[in-house]
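Hi,

Here is the structure I promised to pass on. Have a look at it first, and then read my notes below.

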Amino acid sequence: MTAAARTPYTDRNFKYLLIVPAVATILLVGLFPVIYSLILSFQNVDMMFEDTSFQGAKHYRALIGDARFWESLGHTLLFLVIALPAELILGLAMAYLFLDRMPGRQVFVALLVLPVTISPVVAGATWRLLFDNRFGPINQILGWFSDEPVTILWTIDPSFVYAAILMAEIWQWTPFMFLLLLAALSNVDRSQIEAAELDGAGFWRRFRLVILPAIWPVMAIAILIRALDLFRLFDVVWALTRGGPGTMTETFSIYAYVLGFQQFETSYTAAMSFVVILILVVTITIVLRRMEIER
Amino acid sequence: MMRPDRGTGLALRYVAAVAVTLLFLFPVYWLFMISFKTPEEIFASPPVWWPKSLQLANYAVLFKDGDVVTIWNSVVIASVSTAAAMIIGTMCAYSIARFRTGGNFFTDWLLSNRMVPPIVIVFPVFLLYVKVGLVDSYLGLILLYTAFNLPYVVWMMRGYIQDIPLELEESALVDGCTRWQVFLRVVLPMARSGFFATAVFTFVFAWNEFIFALVLTRAEVTTFPVQVTHYFGGQSNFWAKIAAMSALGTIPIFIAVTLLQRYLVRGISLGAVKG
Amino acid sequence: MGRLSIEGVHKHYGKVHALKGVDLDIAEGEFCVFVGPSGCGKSTLLRCIAGLEEIDEGRVRIDGEAVEGLRPRDRNVAMVFQNYALYPYLSVFENIAFGLRARKVPDAEVRARVGRAAAMLGLETFLDRKPRELSGGQRQRVAIGRAVVRDARLFLFDEPLSNLDAQLRDGMRAEIKRLHQEIGKTTVYVTHDQIEAMTLADRIVLLRDGRIEQQGAPLDLFERPETRFVAGFLGSPQMNFIPCRAEGGALRFSCGRSLPLSRPAPEGRDLLFGVRPEHFSRPGEGDPRPRLDVEIDLVQPTGARTYAQFRLGGVEATAELPAHAVERPGARIALAADMARAHLFDAATGRAIRD
């Protein structure tokens, strides 16, 4: 009876053994710092003093009155509400352009994908070169349509900085939308579209009633991924304007960086991080609920 | 649907396709061209659209000044963290895919880690690293990138593993494999193309990452994206270096992604589209 | 070697009670077929024997050793799966050798044993190929080879032929039977196909709803079904079940017709008269058997035999007749039923009524 005496299923712990390293890593580098940060946010630590006494919600209260914080959130949101629809619509239009077979389609798609793969910092740097007021090609090209030389200071002039950042951002991520929507559109059941066509449905009706529901699962994921990325927008802005002129293009990520790593307002930054996480969690929960209901 | 004559329609679409592609590639072209230009060509007004010769002096300077060490730093950090994330993450993915370990809650929690903005994580990590002396070290960034990429690896590999017929694993179990043997001898070979695709994307994320590297490196282990921003000084005479360094850091990614075309959509859509 | 005994096995999947106390003894060398409709628990029972599922209650013994706590690898059984479960990245040779490699058998012995298994299955010329270069039948052979090559105590087959087309299936069925005769290893075989069950089995175990409905030799089950379910499951076309009552030594149907009974039956209860289509025939001149005059409403010729449908006792019944016995619907003919081979079932419980 050796068999019965042995612990049944020696593999029983196998599934837990498999996840231990992953959980440990994430706890160590993900959860632990967040908790540490939560504690800090109730203390009074900065560059000069390490005052670890309990301060209550002092920093959170200060944050409510911090106009620069709310402005930075506003800038982030502004980038999001312009860039996201622009990328979506442009990407969809491009996906339609490449939907039907044409010779060399694969090559076009392979080339169009390249911007997505570039480091956002490098993308920012590239556009900095393009936007240069004297030696950059953009002002040069604009000059062809104007009588006198164009010398726009794209990354400095308040009237143009948003346009500059948005152009770089939209250039880099429209292909992302394009690629996903192209794949989604290619998977739409052609016979359904043809059936709608035979029923006399026009383009918009077909799009709304047949195509959109079919591509929506992919589109929703694409929107979610891009929205989360735009919410943390940092690299491109850093490379192009560093949040300037002044704090005009400062996203909350940049403001947090400035606070934490240039002004060393440790506890205050921690509090800010928490408010942002809170906003994010609430928004995502609401959005996901909505999407769940729609499904 | 009423269509224009097929030939004309195709020709029109072709013209539009070429125009769109050129528009999107122009910035890349410009970046690479500057890296080949002489200083006179870079600082010419009107700009030089096509350099006289493709000279490599700008790259040579990077080697001479030792700036390329940042590329090496990126190679070390991205490859080691990718290897670690792939090993740890694939194990975890297997557990979730086949045993539903921790249920939906565990999977959701893992994924939600990916949604947290890096700036929020990096601040406490920095304070922690200062205390334990991990700032400006390979280990510090490797650890962080491993953790940061884990949710992605787990999520993607879970999808690839779920595509493997369960019977293959059961057959191996009956044939005499232990659970570990099944994982190593059946699951990994069956998922290998997805595994490599995921590894490449993970590598690209680590390679391109900026905020963590900006905060956690000083002089010793600066990665190439941080090095690129070091050239922004207001004086435009660093243009050649910006372009050459950027090009150097971008070419390997272009090659990798082009080779992986087939897995690209699945990789960037977090598995929402199965190619 | 290869005695299997199962005692009081229960298995739950969440709220579903998949096995409700199964007891079974399979002798050494026996070919035992689990058959039943989908969801009856036949595959679950097989997987419990293999160790791919844990049982909640009961005992599974192989050669007297309790194995329910053992991992699949420690039970030393071999299994063939429905979808072949071949490793696409390994050659046919390595697929067959997989179990031996996992057990770290020396290379020379691996070669010898794979060679023997391949010869037995006619796979010698395919050993270097990858599974995707093989036909469905060849793949199934490789899957069987992987089981044969090991010195396992039991062979388990989980619907191995259901992915093959009809012609190949007949061939492979014969081959599996031949293989069993050659090797003589205890085999447990799961199928939903009653023809496979009848042709292959030394013993059929018919499962229904997590319990054994009846077990025994194939013809035993076919000729002496204990329940209406068994009678209906085996045989194609299905046995006719005609509602009736016994009165004064005869069966009376709701349509007014009746048949004299050859043996006593309980009166005053709703009964089902069970007769297989092939046990109807057209009585010749001077046939002493009682006749049923029926009107044929549907004729289905199959070539050798013709199925004719007619109404009896308020239900549609089928008779299997010689090819040209009936030409078109509407024909009025006389039929005789072979009462000695007919059955009576209690309509309420479904149990057979025996003398």
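Before the notes, one cut-off: I call something a salt bridge when a side-chain nitrogen of Lys or Arg sits within 4 Å of a carboxyl oxygen of Asp or Glu. Keep in mind too that this is a predicted model.

With that rule, a search over all chains turns up 42 salt bridges in the whole structure.

Start in chain A with R226(A) and D229(A), whose side chains meet in a salt bridge at 3.2 Å, N to O. What separates these two along the chain? They are 3 residues apart in helix α10 (residues 203–231) of chain A, so about one helical turn lies between them.

R178(C) and E182(C) form a salt bridge with their side chains, 2.8 Å from N to O. Both lie in helix α6 (residues 166–183) of chain C, 4 residues apart, or about one turn of the helix. Here R178(C) is partly exposed at a relative accessible area of 34%, and E182(C) is partly exposed at 47%.

Now for the strands of chain C. Is strand β9 (residues 203–208) of chain C mostly covered or mostly open? Mostly covered: 5 of its 6 residues are buried. On one hand, β9(C) pairs with strand β3 (residues 31–35) of chain C in the parallel sense, over 4 bridges, and there F34(C) stands opposite V205(C). On the other hand, β9(C) is joined by 5 bridges to strand β10 (residues 211–216) of chain C, and that pair runs antiparallel. In this second pairing R208(C) stands opposite R211(C). The hairpin of β9(C) and β10(C) has 2 residues between the strands, and D209(C) takes a positive phi near 55° in it.

E213(C) is buried, with a relative accessible area of 18%, whereas R208(C) is partly exposed at 39%.

Last, the contact between chains A and B. How many residues of each chain take part? It is 92 residues of chain A against 89 residues of chain B. The area buried between the two chains is about 8,100 Å², and carbon and sulfur atoms give 80% of that. Looking at the side of chain A that touches chain B, helix α2 (residues 14–41) of chain A brings the largest share, 21 residues. The residues on that side divide into 64 nonpolar, 15 polar and 13 charged. As for specific pairs across the A–B interface, the rule finds 0 salt bridges, but it does find 11 residue pairs in polar contact, with both residues at pLDDT 80 or more.

Those are my notes; the rest is yours to browse.

Cheers

Technical notes
Residues numbered from 1 in each chain as written. Chains lettered and ligands numbered in written order. Predicted model: local features only at pLDDT ≥ 70, side-chain atom pairs only at ≥ 80, totals over all residues. Heavy atoms only, no water. Contact = heavy atoms within 4.5 Å. Buried area = accessible area lost by both parts, 1.4 Å probe. Polar contact = N/O pair within 3.5 Å; in protein donor to acceptor, adjacent residues only side chain to side chain. Nonpolar A, V, L, I, M, F, W, Y, C, P; charged D, E, K, R; others polar. Buried < 20%, exposed > 50% of the residue type's maximum accessible area, 1.4 Å probe, protein only. Pairing = 2+ DSSP bridges.
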